[in-house]
Amino acid sequence: MSRDHATRGFLIHLGVYVLVVGLLAALNLYRNPDDLWFIWVLLGWGVGVAAHGLAILLQRSGRREEIFTDRRERSFLVHLFAYVAVNALLIVVNLLYSPGYYWFLFLLIGWGVLLAAHAYAAFFRGRGAARSGVAS
């Protein structure tokens, strides 16, 4: 196994994900093959694993643009990816299982406000003082 802490952590998370989703799929197919509920676990948890992998790829891209080298900006990009992917999944679930009530909007707006705060912290907070040489 790799000595690199980030890669090792990702591989452990990926292994647990594959093992647990595999067990849940087997259980689902054995007990109730007409209702494939394990797919939602596969997709929902898969977003988190994909975001973890994206963070490592961005960190190791070797590119010099600030979005790749600045930890705050890279973190925001990973969270933006998770926001878009999870909310797309929630919209699908909402429209399939309760199309008369759009509950996904509460999550979309609430999480969106928090993501906007994260964007402010990543791209604007403390940047002006750092560029002008004044300590923040």
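1. In this predicted model, the side chains of Arg60 and Asp4 form a salt bridge, with an N to O distance of 2.2 Å. The count of salt bridges comes to one. Arg60 belongs to the loop between H2 and helix H3 (66–69), while Asp4 belongs to the segment before H1, so the pair ties together parts that are 56 residues apart in sequence.

2. The accessibility of the two partners may be considered next. Arg60 has a relative accessible area of 40% and is therefore classed as partly exposed. Asp4, at 29% relative accessibility, also counts as partly exposed.

3. Two packed helices are described by the angle between their axes and the distance between the axes. Helix H1 (residues 5–31) packs with helix H2 (residues 38–59) at an angle of about 170°, and their axes are 10 Å apart. Because angles over 145 degrees count as roughly antiparallel, H1 and H2 are described as roughly antiparallel to each other. The contact of H1 with H2 comprises 15 nonpolar and seven polar residues, with no charged residues.

4. Which helix has an axis that comes within 10 Å of that of helix H4 (residues 71–97)? The partner is helix H5 (residues 104–123), and the two axes cross at roughly 170°. That angle makes H4 roughly antiparallel to H5. In the contact of H4 with H5 there are 16 nonpolar residues, six polar residues and two charged residues.

Methods
Residues numbered from 1 in each chain as written. Predicted model: local features only at pLDDT ≥ 70, side-chain atom pairs only at ≥ 80, totals over all residues. Heavy atoms only, no water. Axes fitted to C-alpha atoms, helices over the stretch in contact; angles between N-to-C directions. Helix = DSSP H or I, 4+ residues; strand = E, 2+ residues; numbered from the N terminus. Parallel < 35°, antiparallel > 145°, perpendicular 65-115°, else oblique. Nonpolar A, V, L, I, M, F, W, Y, C, P; charged D, E, K, R; others polar. Salt bridge = Lys/Arg side-chain N within 4 Å of Asp/Glu carboxyl O. Buried < 20%, exposed > 50% of the residue type's maximum accessible area, 1.4 Å probe, protein only.
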